[in-house]
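Subject: Structure to look at

Hi,

Here is the structure I promised to send over. Have a look at it first, and then read on for my notes.

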Amino acid sequence: MRRLLNSLRDGIGFDTLLVILALSYLMVFAGLPLIYNIVISFQTVDVFSLGTLVHPSAGVENYESIFADRQAATVLWNTVIFTLGSVALQFTLGFALALFFHQNFTGATWIRGLFLAAWVMPGLVVGVLWNWLLSGDFGVINYVLESLGLIDEPVFWRSNPETSLYSVLIANVWYGTPFNMILLAVGLSSIPEDLYEAAELDGANAFQRFWTITLPMMRATIGAVLALGVIFTLQQFDLFAAITQGGPAGSSTVAQYWSWELSFREFDFGRGAVISVLMIVLVLFVSLFYVRSTKAETQL
Amino acid sequence: MTPQIELVDVQKHYGSFHALKDINLTVPKGQFVALVGPSGCGKSTLLRSIAGLERISGGTLRIEAQVVNDLPPRKRDLAMVFQSYALYPHMSVRDNLTYALRLNGVSKAERAKAAEEVAGVIGLEDLLDRKPRELSGGQRQRVAMGRAIIREPKAFLFDEPLSNLDAALRVRMRKEVRALHDRIGATSVYVTHDQIEAMTMADHVVVLRAGVIEQQGAPMELYDRPANRFVAGFIGSPAMNFVPGALTGAGTVRLELPGSPEIGVEMGGEAGRAVTVGLRPEHLIVGREEGAKIPVTIGAVEQTGSSCYLFTEGDPEVLVTTEGTSAIRAGDAVSLHVAPGHVHLFDPKTGLTLRG
Ligand SMILES: Nc1ncnc2c1ncn2[C@@H]1O[C@H](COP(=O)(O)OP(=O)(O)OP(=O)(O)O)[C@@H](O)[C@H]1O
Ligand SMILES: [Mg+2]
């Protein structure tokens, strides 16, 4: 007891205590569910056996049946398109906006702040918003496209299997671009101005300065932004729930949504867990990339 | 011969702030020009205006007789050494040195050769593959110099390049920079707040204050014939003493010091006219017999070994320097002498030098 009091007074050992607290928190609320998830991916679990602690083993049956499922190929393909498309567009738009606002014209800070409004909205709200925008009968998007003469009759974006995935993708790009912009803007502003001045005197034009100074100096930031983009996109659930519910006919189902459907619609918890486990492995690799790029930070 | 750099009535405004006023400066080819002045006087602004990093608000700027007012920095063909060095952190020393050549499309083999050559000149042969963060301050400074000399620019611009180095290295680099300038026959404009650097390195010194050129000329000209009290006080170390006084009309000036001593001057002028008398510490000689005397009491003595600083008692305090060591102690009464040719007189109101 006295040692504890002493440690509080001197701060010696207090740091250890804090670390132990943080670790136990992580263990209980992140570690255990993760392990449990892996365990049930090898078991047969339904609504009736969900409450019990021990379930019948299923071996690798769940894994086999997931890969054999005729939806698997579509879901995999959708996930790849959704993730790569979202990340590529969010990053490109975010970078362009960050560069634009880096010019520091009057009002730049204000307008940049407005962009953040999109980012702080709950995903479901963003989903509802895009439902209105994309609506076939009275959506703004159709109206604009028709006025421009690009389409002759309304497109039913969300209920057409050809476009359903892309309606969610567009909403997700809109949702994630401000986040990319902010992180990239921070990276941009950490590049000392005198490097650009030196490069300019060395004869570099704007394009050469971007290519030889900005990009290499931003390597760490870009790696981090891309990795976080992949992770957040793989987590995106609200927009699917609000806009297409994975439909029509599974045409916009991605892995995370399928996992939810299997677990909470079909109550096949084992197969739902299989998808989570596979996604965890993927995210783990992306996180490694993320950690590596934050470590390789360019410094003077 | 056309001047390498020429500024005619150059103005620079930052909003309502007038940072440079009527700057006229001519830099002939091969000359080493120093810009000096106190902090905030506009030295960097002037240098950056020449480089094109700042747009001038008025006047004409010519480089090799071509008006460059609207030319972007990359087309001016000047090299600049920044106070912060501004090395590219993500490039090796070799790539830093050859960056300009690479932009110019010089072949890889030629770039490598140029890098070796320059590294030899600045003494960095062994460090070519290091990153800037793996170098000491002095080595970074050399890389910054090397990056400037690897191409043959029309002029070199330096913005306090030595101010981040320790005192000993600074003295050495002073000579090296000047030697380099002479060897490659460069034209240089060098900004510093250190008047000793300016005096020792430059052919031509420009003294700036609050955006105005107070005086420009050869270093010894500024020392011997300062145009005004500001230049007189700024050039020379330790700084000139200023004592109020009045002309007697008989070739002397009476100092407002205890005992109202009179000393000879090289000008007549109306009797009773108030003046500020400037006396350099090194021109005051202690206790010699000929000439007029200034009786003073020594208040404090500082010995550095090579020279001795004597501070007089009373107001204004007068500083006297003597060479070597001195037997004089605080409290001693001594008399000071000064040759009439070493007495500077200034108008107390305008600060301008009075000449007879
Ligand atoms: N971008 C700017 N906007 C407004 N005022 C500026 C700007 N840059 C410089 N100034 C002002 O111009 C004046 C001259 O600045 P400058 O940097 O040229 O001084 P300096 O002589 O180089 O001083 P130092 O020895 O401290 O480097 C200063 O009063 C400064 O506040
Ligand atoms: Mg400066």
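A residue is called buried here if its relative accessible area is under 20%. Bear in mind that this is a predicted model.

Eight of its 11 residues are buried, so α2(B) is largely enclosed by the rest of the structure. The buried ones are V93(B), N96(B), L97(B), T98(B), Y99(B), A100(B), L101(B) and L103(B). What do they pack against? Their partners come from both chains: α9 and α10 of chain A, together with α3 (108-122) and α4 (137-149) of chain B. After α2(B) comes G105(B), which has a positive phi, near 75°.

Now for those two chain A helices. Two packed helices are described by the angle between their axes and the distance between the axes. For α9(A) (residues 193-201) and α10(A) (residues 206-217), the axes come within 10 Å and cross at roughly 155°. Angles over 145 degrees count as roughly antiparallel, and α9(A) and α10(A) are therefore roughly antiparallel to each other. The crossing is right-handed. On the α9(A) side, the contact uses L195(A), Y196(A), A199(A) and E200(A), which meet R209(A), I213(A), T214(A) and M217(A) of α10(A). By type, that contact has five nonpolar residues, one polar and two charged.

Next, strand β3 of chain B, residues 32-36. Five of its five residues are buried, so β3(B) is largely enclosed by the rest of the structure. Both faces are covered, with F32(B), A34(B) and V36(B) on one side and V33(B) and L35(B) on the other. As for its neighbours, β3(B) pairs in the parallel sense with β8(B) (residues 188-191) over four bridges, and V33(B) sits opposite V189(B) there. Four bridges also join β3(B) to β9(B) (residues 204-209), again running parallel, and in that pairing A34(B) faces V205(B).

Cheers

How values were computed: Residues are numbered from 1 along each chain as its sequence is written. Chains are lettered from A and ligands numbered from 1 in the order in which they are written. This is a predicted model: local features need pLDDT of at least 70, side-chain atom pairs count only at pLDDT 80 or more; totals for chains, interfaces and linings use all residues. Side-chain values use heavy atoms; hydrogens and water are left out. Axes are lines fitted to C-alpha atoms, for helices over the stretch in contact, and angles run from 0 to 180 degrees between N-to-C directions. Angles under 35 degrees count as roughly parallel, over 145 as roughly antiparallel, 65 to 115 as roughly perpendicular and the rest as oblique. A crossing is left-handed if the near helix is turned anticlockwise from the far one by less than a right angle, and right-handed if clockwise. Contact means heavy atoms within 4.5 Å. Ala, Val, Leu, Ile, Met, Phe, Trp, Tyr, Cys and Pro count as nonpolar, Asp, Glu, Lys and Arg as charged, and the others, Gly among them, as polar. Buried means under 20% relative accessible area, exposed over 50%, partly exposed in between (1.4 Å probe, protein chains only). Two strands pair if DSSP finds at least two bridges between them.
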